[in-house]
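Hello,

Here is the structure I promised to pass on.

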Amino acid sequence: MFKRIADLRIDKDKTQQEIANILMCNRQVYARYERGIREIPVSMLLALAKYYGVSTDYILGLTDNPTPYSRKSTK
């Protein structure tokens, strides 16, 4: 998981500070998420998935398919 969030950030040419700003945390806290020193809160996991356009399962390493699941209509 930790490598994935770093890879996603690097692929978008973003700095740790830019992602920390999006998550409204300081850079040191975000850096600890990337290194696996701290666990990512669910709210930040969801924010990262939305920002990068990937599924939370992809970030968590449960799938290699980055595409988010489509929501089924309840009509």
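**Helix packing**

Helices α1 and α3 lie oblique to each other. The model is a predicted one. The two axes cross at roughly 120° and come within 6 Å. An angle of 65 to 115 degrees would have counted as roughly perpendicular. From α1, the contact uses F2, I5, A6 and R9. From α3, it uses Y30, Y33, E34 and R35. By class, that gives 5 nonpolar residues, 3 charged and no polar.

Now α3 itself, residues 27-35. Which of its residues are buried? They are V29, Y30, A31, Y33 and E34. These buried residues pack against three helices: α1 (2-11), α2 and α4. Both ends of α3 deserve a look. At its start, a side-chain oxygen of N26 comes to within 3.1 Å of the backbone nitrogen of Q28. After α3 comes G36, with a positive phi near 80°.

The other pair is α2 (residues 16-23) and α4 (residues 42-52). Their axes are 10 Å apart, and the packing angle is about 115°. The crossing of α2 past α4 is right-handed. On the α2 side, the contact residues are I19, I22 and L23. They meet M44, A47, L48, Y51 and Y52 of α4. This contact has 8 nonpolar residues, with no polar and no charged ones. The α1 with α3 contact, by comparison, includes 3 charged residues.

Best wishes

Key: Residues are numbered from 1 along each chain as its sequence is written. This is a predicted model: local features need pLDDT of at least 70, side-chain atom pairs count only at pLDDT 80 or more; totals for chains, interfaces and linings use all residues. Side-chain values use heavy atoms; hydrogens and water are left out. Axes are lines fitted to C-alpha atoms, for helices over the stretch in contact, and angles run from 0 to 180 degrees between N-to-C directions. Helices (H or I, at least four residues) and strands (E, at least two) are DSSP runs, numbered from the N terminus. A crossing is left-handed if the near helix is turned anticlockwise from the far one by less than a right angle, and right-handed if clockwise. Contact means heavy atoms within 4.5 Å. Ala, Val, Leu, Ile, Met, Phe, Trp, Tyr, Cys and Pro count as nonpolar, Asp, Glu, Lys and Arg as charged, and the others, Gly among them, as polar. Buried means under 20% relative accessible area, exposed over 50%, partly exposed in between (1.4 Å probe, protein chains only). A polar contact is a pair of N or O atoms within 3.5 Å; within protein, one must be able to donate a hydrogen and the other to accept it, and residues adjacent in sequence count only if both atoms are side-chain atoms. Angles under 35 degrees count as roughly parallel, over 145 as roughly antiparallel, 65 to 115 as roughly perpendicular and the rest as oblique.
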